[in-house]
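I opened my notebook for a short walk through this one. Here is what I looked up, in the order I looked.

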Amino acid sequence: MNFLLSIAFVICWSSGFIGAKLGAGSASAITILMWRFLPLAVILIAVAATVSRTSWRDLSVRDAARQAMIGMLSQSGYLLTVYYAIQLGVSSGTTALIDGVQPLVAGALAGPLLRQYVSRKQWLGLCLGVSGVAIVTLADAAVGTGTAWWAYLIPFLGMFSLVAATFLESRSRTRVAPAVSLTVHCATSAVIFTALAVSTGAAKPPPELSFWAAIMWLVALSTFGGYGLYWLILRRSGVTKVNTLMFLMAPVTAVWGALMFGETFGPQTALGLAVGLAAVVIVHRGDAAPSTRVRGRDMDRGDAATPAERGA
């Protein structure tokens with residue numbers, strides 16, 4: 001089951017970069033994001049008010065504020081940088097591979113922040129994954145698209161935003177129902193992106209059918225599929241394993257982009273994909289260090305265990 005969830009997550013999360021590319025041809029990043037989240041938030045709020053009211057009864061104001069912050073970081077901050085970078089000309093594959101640095105950052109911080117210590121074998125896998133990302137990056141950079149150099153820095157901001165959201169969620173002691181957290185996250189993003197679109201005069205959607213096709217693609221595959229599975233796998237397997245799957249986003253998106261948009265895919269990209277797959281296998285099979293298991297058992301006995309630790 002975890003293997004199938006991982007495959008579905010990689011495909012659905014990668015679809016977000018492709019959907020952003022689909023919409024970029026007909027509208028600005030702000031317009032796409034507004035219409036991606038505004039109708040979705042209305043539907044989710046309506047469902048919450050009529051069907052799933054029981055899931056909201058135990059949600060405190062503090063928990064709601066935390067979930068709103070998580071949504072602002074993991075959706076608003078992350079997606080805005082991804083879409084803006086693609087709008088500036090950064091390829092979908094390159095944007096995904098820059099985000100591929102995230103596992104190493106998350107792995108380095110998991111120990112001191114969450115007490116989810118990474119074993120030597122897992123560190124080997126993480127470093128191998130970075131090597132795969134570097135291979136794909138060099139292949140893409142060699143093509144030369146004329147995009148401004150500073151545009152490649154923007155996805156790094158989104159990567160750090162998603163890492164911050166991941167740790168904020170993992171340190172929470174209250175388990176919030178997935179339907180509730182998704183609703184709060186999407187409502188927060190809808191408010192932020194609508195305000196940005198209205199204030200910049202970008203709220204009016206284009207009449208092209210391709211725009212609405214991209215919106216439906218993003219809602220179905222990226223939001224419900226990729227975003228929902230991210231938090232599900234995080235709770236089941238912990239920060240290190242879910243973030244290691246990010247190593248696969250760059251090569252998978254590169255393949256997808258090559259097939260749909262004619263983006264460059266050569267032997268180096270194929271090699272990067274193989275290295276990324278090897279990294280995921282090593283991390284998922286890497287045994288935790290003895291100190292990790294002892295700490296994990298001690299944490300389970302107390303009240304300080306985080307949701308991610310309980311699900312690992």
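I began with helix H11 (residues 249-261) and checked its length. At 1.5 Å a residue its 13 residues should span 18 Å, and the end C-alpha atoms lie 17 Å apart, so the two agree. The expected span here is 1.5 Å times one less than the number of residues. Helices are DSSP runs of H or I with at least four residues, numbered from the N terminus.

Next I listed the buried residues of H11: Met-249, Ala-250, Pro-251, Thr-253, Ala-254, Trp-256 and Gly-257. Buried means under 20% relative accessible area, exposed over 50%, and partly exposed in between, with a 1.4 Å probe and protein chains only. After H11 comes Gly-262, with a positive phi near 75 degrees.

A note on ground rules: this is a predicted model, where local features need pLDDT of at least 70, side-chain atom pairs count only at pLDDT 80 or more, and totals for chains, interfaces and linings use all residues. Residues are numbered from 1 along each chain as its sequence is written, and side-chain values use heavy atoms, with hydrogens and water left out.

I then looked at confidence, given as pLDDT (the predictor's value for each residue, from 0 to 100). The protein chain has a mean of 78, with 79% of its residues at 70 or more. Helix H8 (residues 178-200) has the highest mean, 93, and helix H14 (residues 307-311) the lowest, 33. Over residues 287-312 pLDDT stays under 50.

Which cavities are there? I found two of 30 Å³ or more. A cavity is a set of points on a 1 Å grid over the protein atoms alone where a 1.4 Å probe fits but cannot get out; lining residues have an atom within 4 Å of a point. Volume is the space filled by probe spheres set on the points, which are joined across faces, edges and corners. The largest cavity has about 160 Å³. It is lined by 15 residues, and Trp-13, Arg-36, Tyr-78, Leu-79 and Ser-222 are the closest to its centre. Helix H3 gives the most to this lining, six residues.

Arg-36 counts as buried because its relative accessibility is 4%. Its side chain makes a polar contact of 2.7 Å with that of Tyr-83; such a contact is a pair of N or O atoms within 3.5 Å, one able to donate a hydrogen and the other to accept it, and sequence-adjacent residues count only if both atoms are side-chain atoms.

Terms used:
Helices (H or I, at least four residues) and strands (E, at least two) are DSSP runs, numbered from the N terminus. Contact means heavy atoms within 4.5 Å. On a 1 Å grid over the protein atoms alone, a cavity is a set of points where a 1.4 Å probe fits but cannot get out, and a pocket is an open set with protein on both sides within 12 Å along at least five of seven lines; lining residues have an atom within 4 Å of a point.
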